[in-house]
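User: Please take one part of this model and look at it closely. I would also like to know how the rest of the prediction reads around that part.

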Amino acid sequence: MTCWRARAGGGGGSEPVVTTPFYPEDPKPGTILAVGTRSRGGRIELVSAPRPGEPTMRWQSQANSIDGIEKELVRIWAQPSAVAAVGGGGPDATGDADAPRGRHVAARTSVMNLVVIARHPELGERAGETINRLSGRHPSRTLVVLAADPDGPPWLEGRVQAYCILPRADAPETCSEQIFLTAGGETGRHLAALVTPLLVHDLPVTVWWPGEPPLESAAARDLLAVSDRLVVDGASWAGDGLARLRDLAETDARFDRLAIRDFALVRQSRWREAIATVFDLPEFLPYLGHLRRISVTYATRDETGAPGTTNVVKPLYHVAWLASRLGMRVTAPLAPVAAARQAKLRPGEKAPLHRGLSARLRSATGEVSVVMRPVASPMPAGTTLRIELLAERRGQELRADVTAEAENVHVHTWLDGVEAEDRTFRAPRRNDVDLLGEILEGNGHDRVGDEALRLAANLAGSASQPGRVHPD
Amino acid sequence: MVKAKTGAAETAAPAAPAPSAPAAPAPSKKDAPRTMRDLRLAAETRRRVSTAKQLDNPLREGLRLERVPDANVFVLFGATGDLAHRKVVPALYQLWRTHLLPHEFVIVAVGRRAYTDEAIRAELRASLDQFSRVQPVDEEAWAELAERIVYHRGDFNDPALYSSLGERLDDMDAQRGTRGNRLYYLATQASAFAEIISQLGRAGLDHERHDGGWRRVIIEKPFGRDLDSAVRLNREVGKVFRERQVYRIDHYLGKETVRNLLVFRFGNGIFEPIWNRRHIDHVQITVAESIGIEARGAFYEETGASRDFLQNHLLQLLSLVGMEPPATFGADALRDEKVKVLRAITPFTPDQARSEVVRGQYGPGWVSGKPVAAYRDEPNVDPVSETETFIAARFTIDNWRWSGVPFYLRMGKRLPKRATEIAIQFKEVPHQLFRDSAADPEPNLLAMRIQPDEGIMLRFGAKVPGLGIDVRNVTMDFTYGSAFQTDSPDAYETLILDALLGDASLFTRADEVEQAWSIVDPVINAWADEPAPAFPSYEAGTWGPEAADDLLAREGRRWRRI
């Protein structure tokens, strides 16, 4: 612990530290006059009473070692009214000299530890913001870890903040802590050593790793070994995302205790709902065992649409979810579809888009062909535009066509070419706050998600066949 | 089929050779063929049953949390009334805003007054400003919902209303794809319930169709005003709807803490073993209101605390505290257990009604620093009214678990503050070790607050730091506000969504309502035989008449200070 080198803040000065308002993008943050009275920050007095449901920062201080951060965490709660003092007064003012118009008693709460590993400061700030918005439903001790200057000398800088929220105007205020750690040099490579001492004990640990998690690195393995849940966003990975998807499935197989959730997969729940509904009809259900073709169309910005350039994790998850639910296995993993022979392009004419990827699955009743085809679209690259299912049973053909339409998912079904059903499902776009919230809500392993991930990795060419079965 | 299954289970165990099990009796030869056949038949039945179930859709697995109700038409009777504006429509708006309602959804607002679609939308929108739980109102979400609201005018007694309504609903199915599913919500005066229901039946609007269109009806409280009228109303409802189509609202059951009571009792292993007469001394259930009757004088004159609260909310809370663990969380398993509790309460004899029940009525006084009028001086109240605004009662549940444990229930208007709480008082320690301590250690207490600050509190003794041994009572406090910082959904949101999803767990069943009336009826009848009570009997802003304190004091107990 002695090797930390002080970076900022310094040691024993006693001049007040003035911090800036912490919600620069919030148009009406309820003017915050942030004055720390201790050597390294401290309580932040609010000029006006906080508004219900809006998190406000009520404490900020700094430290340059894990020990120091631990001491700061204790200090926040050492003074009972420290973060509770609220300007504006109330009918039951306490009259305490330190908190002359104190009104709400602050209570500290945590239901989990949330660790965010961020590659860039902006990513960390954004994640902190997302988590803040969730603190109402999922109060947690949050650690945002940033590795900086990997080749420099080892150092550590910690910023400790307490955020409080009034659930209602007449309720006591509740608070939780956020710790921003910036680790330089060698220190940044020992994530587990940084994180473990700062966790609230006995509470589950969720690691949110936005961007590109280096899942195969020693640092990641050490950290994941002490975690209960890993949250990633497969749709944000570089290239087609398939290599990292295989790593993710391997990580899932390696750690028994670790539950893996991918935003890309969670995001699709309303699509899955819509698809499932088609087969709620008893007359259509039998066709599920006789799927012959699954084709997914996704948006691309790339002019050629050639495989490898557009992230295909989302469209792949659709196929993988269907295949894993229906007990199919992969007989031929995804491979680029051979381009058709093509006439010479005339000058000014664009080459047609690549025909995408294809794969083959096997179900109990036969072969199922899979096609994932890019389409030039203004939608974000990698967005699923359409899923078509084709099933044949006893000479009859069922076709289901699922498309996204603004905020809705549209399902259209035909039996032998005759329209059978036409339904719309509300599928509002969900942001990171909604998705993380939904993920944190569930606990334990998500068997359906795990199986979909495993099958997706198999489709992406991972050799390992499904083997591990979760104890639950 | 049950027999077959048992047979299968019995033979399955010894059939597997378990080396550790010493000499399990082998099935006799005579038994073997019969049980094999049983096994096969059981398996066959299982197969037959399972193909019929919708759950067999393998794509459904893991999607359960996402469930959104089927496409449906929500027919709101009494749409221009207070309840619709205050509770029902704000709850529907909130459900819509949070994407819990289906895309194919229509609200048909039925009322007597002349309105256009636009007018009713504008009026409902205006009341959202006042009554929506989340402000400001999301205009975009409201606009989407508003275009799904249509007005249908008619007199509830007029058969023409129902035939035109039927045609309109069929049109909806065609135009808006609502697939024949209908929920009728009766937010009207209680006196209109029977009429509307029988008219719905006459017009054939109750028939569930073969292709899956469901019909459900939500009936608001009060459900009857005594046992007779409740039985009569149940009979009227039963002529038209089957019990599984009927959802009787008691909004207390939709409250977060009340639902949490079930989680608390049956989701935690440590409480159930002590949840009985061996460990619990008594139970107190308090519903205190600081408000008076709020300009509802005429209504309150006819109901009083016994009908307004005791028959429904208080007895519901009592049965949730006292019930046995249900086998499943299914609607009927749950309600079976609740009814059993009510059945175990022996109705009072007239003598008992006098000794075990205390009624009161508030006189003038001060509440929250303001002077308030006596009940008899409220508008639309008889100046010599004998209606009770306070009731306290001592019940016993005569079963194995609760024999000898009194349940004290009280409810009052114009009490010092608004608080709803269930307190479980545990028995004293069998042997007092710390007699020399400055304060006697009090027995443990578990309190569940339902409002205003929903939460759970456990009181236990702790040593005061320092030399010597002094015991003080300390509390371990859990407030919903501190563990979960968001607001809980309103009871109506929970209940309406449940009804749309077809889950009747939180609604009261016919036999439950009747059973509750059969407990309250003897009390009301006993009062009728008595001379006029000496009302007012408590000052507004106090904890009710002294007789209520005596009810506990005579057994050496007292009401918990709240």
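The part in question is the packing of helix α5 of chain A against helix α10 of chain A: at what angle do the two pack, and which residues make the contact?

Analyst: This is a predicted model, in which local features need pLDDT of at least 70, side-chain atom pairs count only at pLDDT 80 or more, and totals for chains, interfaces and linings use all residues. Residues are numbered from 1 along each chain as its sequence is written, while chains are lettered from A and ligands numbered from 1 in the order in which they are written.

The helix pair comes first. Helix α5 of chain A covers residues 242–254 and helix α10 of chain A covers residues 447–459; they pack at an angle of about 135 degrees with axes 9 Å apart. Axes here are lines fitted to C-alpha atoms, for helices over the stretch in contact, and angles run from 0 to 180 degrees between N-to-C directions. The angle therefore makes α5(A) oblique to α10(A), since angles under 35 degrees count as roughly parallel, over 145 as roughly antiparallel, 65 to 115 as roughly perpendicular and the rest as oblique. From α5(A), the contact is made by Leu245(A), Arg246(A), Leu248(A), Ala249(A) and Asp252(A). They meet Asp450(A), Leu453(A), Arg454(A), Ala456(A) and Ala457(A) of α10(A). Two residues are in contact if their C-beta atoms, placed from the backbone, lie within 7 Å. The crossing of α5(A) and α10(A) is left-handed, that is, the near helix is turned anticlockwise from the far one by less than a right angle (clockwise would be right-handed).

Helices (H or I, at least four residues) and strands (E, at least two) are DSSP runs, numbered from the N terminus. Chain A has 472 residues, of which 45% count as buried; buried means 20 or more other C-beta atoms within 10 Å of the residue's own, exposed 12 or fewer, and partly exposed in between, with C-beta atoms placed from the backbone. Of the contacts in chain A with a separation of 6 or more, 67% join residues 24 or more positions apart.

The domain assignment of chain A gives domain 1 (59–79 + 105–227) and domain 2 (269–338 + 352–432), with bounds from an automatic or database assignment. The centres of these two domains of chain A, taken over C-alpha atoms, are separated by 39 Å.

Confidence comes next. The mean pLDDT (the predictor's confidence in each residue, from 0 to 100) of chain A is 78, and 78% of the residues score at least 70. Residues 1–39 of chain A fall below 50, and this stretch has 60 contacts in the model beyond near neighbours in sequence. Residues 465–472 of chain A also stay under 50, with 7 contacts beyond four places in sequence. The model scores ipTM 0.71 and pTM 0.73.

Arg394(A) is not a glycine, yet its phi is positive, about 50 degrees. Arg394(A) is in the loop between β17 (384–393) and β18 (396–405) of chain A, and is exposed because 7 other C-beta atoms lie within 10 Å. Most residues other than glycine have a negative phi, and most peptide bonds are trans.

Chain B contains 16 helices and 18 strands, and buried residues make up 40% of its 562 residues. It averages a pLDDT of 85, with 88% of the residues scoring at least 70; over residues 1–33 of chain B the value is below 50. Chain B is divided into domain 1 (1–15 + 28–41), domain 2 (71–220) and domain 3 (254–428 + 490–497 + 509–553).

Chain B has backbone details of its own. Glu294(B) has a positive phi, near 50 degrees, and is found in the loop between β7 (280–288) and α10 (297–322) of chain B. The peptide bond from Gln135(B) to Pro136(B) is cis, with omega near -5 degrees, and Pro136(B) is in the loop between α4 (117–131) and α5 (139–146) of chain B. The bond from Phe535(B) to Pro536(B) is cis, with omega near -5 degrees; Pro536(B) is in the loop between α15 (510–528) and β18 (538–539) of chain B.
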